[in-house]
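This note sets out points for a colleague who is meeting the structure for the first time. Please read the numbered points alongside the sequence and the model.

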Amino acid sequence: MVRPRHLALAGAILLGIAGAGTAADADTTAATLSEADRADIARIETYLNDLTTMESRFLQFSEQGMAQGRIFLNRPSHLRIEYAPPTPVLMIASDIILMFHDTELKQTTFLPVSKTPAGFLLEENIKLSGDLTITDFERKAQAFRVTLTQTDAPDSGTVTLMFEDKPLRLAKWRVVDAQGTRVEVALLEPRFGVTFKNAGELFSTVDPNTAISVE
């Protein structure tokens, strides 16, 4: 299996909430939202649902240090994350399968997307309600920050999405896991609405160590 340290490091970029126990210092109470807040949240939901494709460099910061790489999104259901050395991790989500591949040890782990921190960006219809609860919403000059937790597991951790406004754009996010570990990811020079000519290969969950497809 992929080394636990690399799973922990890589998992935060997937905009998900995972773990067990109580997130340290996390307020899991639903936020009180004004009508203006709800209108802005509706704008954010529309923006996220209108996302089709994205390609971006990213920087990731945590107590373990800095990591970087590239992220490719093809909504819904498809995501590819390539970490640059020295982090030997490749992750690909395709439909219901999520593949973690350790490029150094040449070891691969397959997990159901539904049971991993694969994230709601892969959902066909993204809603910041229902399965998710908004615990905090901040509006600043040409920026928004919305903090979410899983409704049925409020102690499992939080993810905070940070948006630039005018135009609205996802810029970064922060994940706090159940143990209070914080990881922040920033998108660098993202390109939206791109065409992936090699999408079949780019988002393939064929184990690089074999010729057997798990799709």
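1. How many bridges join strand E2 to strand E3, and do the two run parallel or antiparallel? In this predicted model, strand E2 (residues 65-74) and strand E3 (residues 78-83) run antiparallel and are joined by six bridges. Within this pairing, Arg70 has Glu82 of E3 as its bridge partner.

2. The two strands belong to an open sheet of 11 strands, ordered E6-E5-E4-E3-E2-E1-E11-E10-E9-E8-E7 with antiparallel pairing. At the edges stand strand E6 (107-112) and strand E7 (132-140); each has a single partner strand, so one side of each lacks a neighbour in the sheet. From one strand to the next, the twist averages 20 degrees.

3. Helix H2 (residues 35-50) packs on this sheet and touches E7, strand E8 (143-150), strand E9 (157-164), strand E10 (169-177) and strand E11 (182-192). The direction of H2 makes about 105 degrees with that of E7.

4. In soluble globular proteins, nonpolar side chains tend to be buried together. Here the largest nonpolar core has 40 residues, of which Leu128, Leu148, Leu161 and Phe163 touch the most other members. H2 supplies the largest share of this core, four residues. Leaving aside residues up to four places away in sequence, the contacts of Phe163 include Ile44, Tyr47, Leu48, Phe144, Val146 and Leu170. A second, separate core of five residues includes Phe72, Val194, Phe196 and Leu202.

5. The whole structure contains 12 salt bridges. One of them joins Arg139 to Asp40, with the closest N and O atoms 2.7 Å apart. Because Arg139 lies in strand E7 and Asp40 in helix H2, this pair ties together parts that are 99 residues apart in sequence. Arg139 is partly exposed, at 41% relative accessible area, whereas Asp40 counts as buried, at 11%. Both residues are part of a network of salt bridges that also links Asp37, Arg43 and Asp165.

6. Arg70 also forms a salt bridge, with Glu55, and the closest N and O atoms are 3.0 Å apart. The pair links Arg70 in strand E2 with Glu55 in strand E1 (residues 53-62), 15 residues apart. Arg70 is partly exposed, with a relative accessible area of 29%, while Glu55 is buried, with 14%.

7. A further salt bridge brings together the side chains of Arg174 and Glu184 (3.2 Å, N to O). Arg174 lies in strand E10 and Glu184 in strand E11, so the pair ties together parts 10 residues apart in sequence. Glu184 counts as partly exposed, at 23% relative accessibility.

Technical notes: Residues are numbered from 1 along each chain as its sequence is written. This is a predicted model: local features need pLDDT of at least 70, side-chain atom pairs count only at pLDDT 80 or more; totals for chains, interfaces and linings use all residues. Side-chain values use heavy atoms; hydrogens and water are left out. Two strands pair if DSSP finds at least two bridges between them. Axes are lines fitted to C-alpha atoms, for helices over the stretch in contact, and angles run from 0 to 180 degrees between N-to-C directions. Contact means heavy atoms within 4.5 Å. A nonpolar core is a set of buried Ala, Val, Leu, Ile, Met, Phe, Trp, Tyr and Cys residues joined through side-chain atoms within 4.5 Å. Buried means under 20% relative accessible area, exposed over 50%, partly exposed in between (1.4 Å probe, protein chains only). A salt bridge is a side-chain nitrogen of Lys or Arg within 4 Å of a carboxyl oxygen of Asp or Glu.
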